Amino acid sequence: MRIERIGLTNFRNFSSADVEFAPRRNLVLGPNAQGKTNLLEAIHILCVGRSHRDRKDENLVKFGETFYRLEGTIEHIGVRTTIEVAYGDERKRIRVNAKETRPANLIGLTPVVASSPEDIDLIKRSPGYRRTFLDMALSQLSREYLVTLQQYMKALAHRNVLIRRRQEGGVSRRETDVWDQAVVDSGERIVTARIGFLAEIEPRVEENFSVMSGAVTGIELIYEPRGYSLEGAASGVREGLNAALEATRQLELARGFTLFGPHVDDFKFLCGGRDIRLFGSEGEQRTAVLALTCAEVSLIRAKAGYYPIVLLDDVFAELDEARSRALTSLISNFDQIILTSSRSAPPAEGEIEEIMVAEGRISYGG
Ligand code: ATP
Ligand code: MG
């Protein structure tokens with residue numbers, strides 16, 4: 001899977017630009033604050049329909065303008081797909097091969113994996129970051145997961161409305177049962193998929209982490225259910241969720257929303273048996289995130305049969321020599337990579353296309 005070109009109009013600090021990419025290695029170069037990250041963000045939006053760093057489309061519109069538009073060409077085994085994402089008048093329009101489609105239909109069409117120094121949030125910050133990682137990775141791997149996730153969010157919203165109505169009384173048991181079961185049914189499938197994903201990716205993360213850190217280290221990725229248990233008498237996801245349904249009913253009535261399930265779950269990243277969030281150094285945490293990113297890339301390759309587009313924003317900047325070299329070898333098998341740097345070329349193997357960015361304008365080097 002490769003991106004051939006992208007056109008940007010009124011996107012962030014780009015008024016109008018057209019960027020062409022080499023099939024394999026691309027290096028986006030430029031001093032700070034020129035538009036390198038913005039360009040990667042644009043590619044990411046073209047692939048999945050939304051930004052990974054800003055949920056609000058209006059923030060992506062160039063200051064003083066009223067709309068933005070991105071259009072580009074993706075190539076996969078000789079077949080070209082044109083994608084257009086445009087936003088204006090509080091509405092987002094997505095077209096694939098000139099045909100309008102829903103944003104969700106874009107996900108999985110062009111798998112993309114992005115990494116940036118902010119990814120350390122995935123380890124350091126709240127569970128929401130880790131859930132987003134799981135949901136995004138799984139949605140790109142499986143259409144079924146994406147659909148189930150949408151069903152779950154819908155069921156959850158209905159259930160929360162019912163909980164608030166129950167506070168005022170007058171909700172039939174039958175009505176409650178319907179949405180309780182809908183939450184458990186889709187919830188079970190989501191949690192099972194997430195646990196399976198972590199189990200599948202774990203050995204890959206462990207191998208990558210060892211390559212990068214230069215020492216064999218045991219990695220464990222442990223799913224953490226919230227408000228229910230996967231252990232003890234209530235084994236199995238379904239039993240756990242059903243038990244929580246009864247156990248939290250009174251508390252939920254007081255709080256007014258659903259207190260358990262995949263929308264509050266988390267996962268833990270253990271490194272040598274210890275939680276890397278609590279005990280890992282900054283460098284170790286960055287290594288862990290990159291090991292995870294590279295593992296996601298190889299898992300997509302294993303499942304889909306081709307590599308995703310890989311976007312690496314400034315990832316070498318914070319790594320020491322040895323880790324930079326190890327990362328270079330880890331990514332050497334990947335297909336198309338677009339990386340950014342504000343300094344000279346980071347370590348790279350083979351030919352690399354240089355794309356220069358200055359104040360939202362593009363030129364090519366070499
Ligand atoms: P660094 O090397 O520091 O990471 P960068 O080249 O990645 O720099 P970007 O993050 O792409 O820089 O940002 C470039 C500029 O775009 C910034 O100065 C930022 O203020 C500007 N910018 C961000 N959003 C908008 C917007 N909506 N309209 C216009 N300019 C914007
Ligand atoms: Mg940047």
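How many nonpolar, polar and charged residues are in the shell around ligand 1, by class? The shell has three nonpolar, nine polar and four charged residues. Here Ala, Val, Leu, Ile, Met, Phe, Trp, Tyr, Cys and Pro count as nonpolar, Asp, Glu, Lys and Arg as charged, and the others, Gly among them, as polar.

This is a predicted model, where local features need pLDDT of at least 70, side-chain atom pairs count only at pLDDT 80 or more, and totals for chains, interfaces and linings use all residues. Residues are numbered from 1 along each chain as its sequence is written, while chains are lettered from A and ligands numbered from 1 in the order in which they are written.

**Ligand 1**
- Around ligand 1 there are 16 residues. Asn-13, Asn-32, Lys-36, Thr-37 and Asn-38 come nearest. A residue is near if its C-beta atom, placed from the backbone, lies within 6 Å of the molecule.

**The six-stranded sheet**
- The open sheet has the strand order β2-β1-β4-β5-β6-β7, with antiparallel pairing. Strands (E, at least two residues) and helices (H or I, at least four) are DSSP runs, numbered from the N terminus. Strands pair if DSSP finds at least two bridges between them.
- β2 (14–20) and β7 (99–101) are the edge strands, each pairing on one side only.
- Three bridges join β6 (residues 91–96) to β7. Arg-95 has Glu-100 as its bridge partner in β7.

**Gly-7**
- Gly-7 is found in strand β1.
- Gly-7 counts as partly exposed because it has 18 C-beta neighbours inside 10 Å. The cut-offs within 10 Å are 20 or more other C-beta atoms for buried, 12 or fewer for exposed, and in between for partly exposed, with C-beta atoms placed from the backbone.
- Gly-7 and Glu-71 are 64 residues apart in sequence, yet 5.2 Å apart from C-alpha to C-alpha.

**Helices α4 and α5**
- Helix α4 (residues 143–167) packs on helix α5 (residues 173–213) at an angle of about 145°, with the axes 8 Å apart. Axes are lines fitted to C-alpha atoms, for helices over the stretch in contact, and angles run from 0 to 180 degrees between N-to-C directions.
- By class, their contact has eleven nonpolar, six polar and four charged residues.

- Side chains alternate along β9 (residues 219–224). Ile-219, Leu-221 and Tyr-223 point to one face and are buried.
- β9 runs antiparallel to β10 (residues 266–271), joined by six bridges. Glu-220 has Leu-270 as its bridge partner in β10.
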